[in-house]
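Here is a short report to read alongside the sequence and the 3D view.

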Amino acid sequence: MATSLFSRSGSARALSHRDFTLLWLGTLVSNIGTWMESVALGVYVTEVTGQAAWTGGVAALTHLPSLVLAPLGGALADRFDRRTFMAVCVCVQALLAALLTVLAGTGHLSVPWVAAISLLNGAFSTLVIPCATALTVAVVPPEDLHNALSLDSAQFNLGRIIGPVLAALVLTKVGIAGALFVNTLSFLAVLLALAAMRGAAANALPSKVEALWAGIMRGVRLAWTDPGIALALGSGALVGLLISPFVGLVPVFALKVLGGNATTTSMLLTAQGTGAVIAAFGSGALVARMGRQTFLEAALLLVGLCSAAYWLSPTLPVALVTLFILGAVYLVAFTGLKTVCQARTPPELQARVSSLFLLLVNAGYILGVWGQGALSDRVGVRPITAGCALLFFGIVVGMRTLRSRGLAALGT
């Protein structure tokens, strides 16, 4: 079984590369802690304020710095030693997590503190993500890049499965300070992984150092002039605006619509993560049979319908099933769009194009999660969120009918 997974056609073949495996495992542990913190803070804000706008607004703050820092993060990842740069950013994130833990443990935690630290944490996450992408590109050969990106999505969603389950247990037994403390410790896994990496590609500095602004603009020009990259970036922004807010608004749906609690929130996030992990490991055969472009188009068509079905779910069991399916389709759509960007980009610009993808997706998510949350307080959760999902479906159908001027540009 292990041999087939790591074979050239295996679904986890990128894990045959030692440095990638170290980075993958370290990031997985950290993501588990991050999802524990996300659930704990989401439940805390929802319980304290009782308003979807506050929950969505605090979730949006984590992504707000990407509007300014994402292009800078991509340029820096191509400028400095990537392991050192990433380690410094991770250390700061660990300190912020420790501050949250102390505030919660001493009874001084408040929504303003959560908002401020979420904003700072988002700034350093924005710097880390393009650097991590650049490290991934450096430690796997080109033929394994798509598989490595799929496995990155898989480990992120494994964290989404394990983290909420642990969060529900820790919140019940210990309280919010316990969940935040576990997240603080989880950053050690990334630091240990970075220290253990020894491949030449992981240590190599860029051969040519550009001025920061010139480097940023070179990535922007490529994204603007390449029709496939431009369409993938625009599609990612639309997904972020109309579909992705379901992630930040899970506590609202669990507590205010379904009448549940932290365990309900955990169950929903776990269902989404399970669907995503299964899709990450199992979609390879379908991609080979249907072709990457056709498979991506199908995912973009389905993600709107699946999101609407989730938001309109009448009961928790139905919501769990629909969110499981949404998690799978959502991962396929995002991984496909990101792969289009990376496959069409020269290696020396991959971190910068990745940072532009991050910027546009997060810009859409910030507007979407706050806007949908605020409108939901006034109109109702289901009409707003399901309406946005159906709007996305309509846009994709319209693009699909344009043929060569529409989704066909996503071909790689």
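Predicted model: local features only at pLDDT ≥ 70, side-chain atom pairs only at ≥ 80, totals over all residues.

Leu119 sits in helix α6, which covers residues 111–139.

## Confidence along the chain

The mean pLDDT of the chain is 82, and 89% of the residues score at least 70.

## Two residues and their contacts

Thr101 is part of helix α5 (residues 82–105). With a relative accessible area of 13%, Thr101 is buried. Leaving out residues up to four places away in sequence, Thr101 touches Ala177, Leu180, Phe181 and Thr184.

Leu390 belongs to helix α19 (residues 381–401) and is partly exposed, with a relative accessible area of 44%. Beyond its neighbours within four places in sequence, Leu390 is in contact with Leu305 and Ala308. The C-alpha atoms of Leu390 and Ser307 are 8.2 Å apart, although 83 residues separate the two along the chain.

## Salt bridges

Side chains of opposite charge can pair when their charged atoms come close. How many salt bridges does the model contain? The count is three.

One of them joins Arg18 and Asp19, with an N to O distance of 3.3 Å. Arg18 is partly exposed at 37% relative accessibility, whereas Asp19 is buried at 9%. Another pairs Arg344 with Asp226 at 2.7 Å, N to O. Arg344 lies in the loop between α17 (316–343) and α18 (350–379), and Asp226 in the loop between α10 (212–225) and α11 (227–242), so this pair ties together parts that are 118 residues apart in sequence. Arg344 is partly exposed, at 26% relative accessibility, while Asp226 is buried, at 14%.

Lys256 and Asp377 also form a salt bridge, and their closest N and O atoms are 3.7 Å apart. Because Lys256 is in helix α13 (residues 250–257) and Asp377 in helix α18, the pair ties together parts that are 121 residues apart in sequence. Both partners are partly exposed: Lys256 has a relative accessible area of 44%, and Asp377 has a relative accessibility of 32%.

How values were computed
Residues numbered from 1 in each chain as written. Heavy atoms only, no water. Helix = DSSP H or I, 4+ residues; strand = E, 2+ residues; numbered from the N terminus. Buried < 20%, exposed > 50% of the residue type's maximum accessible area, 1.4 Å probe, protein only. Contact = heavy atoms within 4.5 Å. pLDDT = per-residue confidence, 0-100. Salt bridge = Lys/Arg side-chain N within 4 Å of Asp/Glu carboxyl O.
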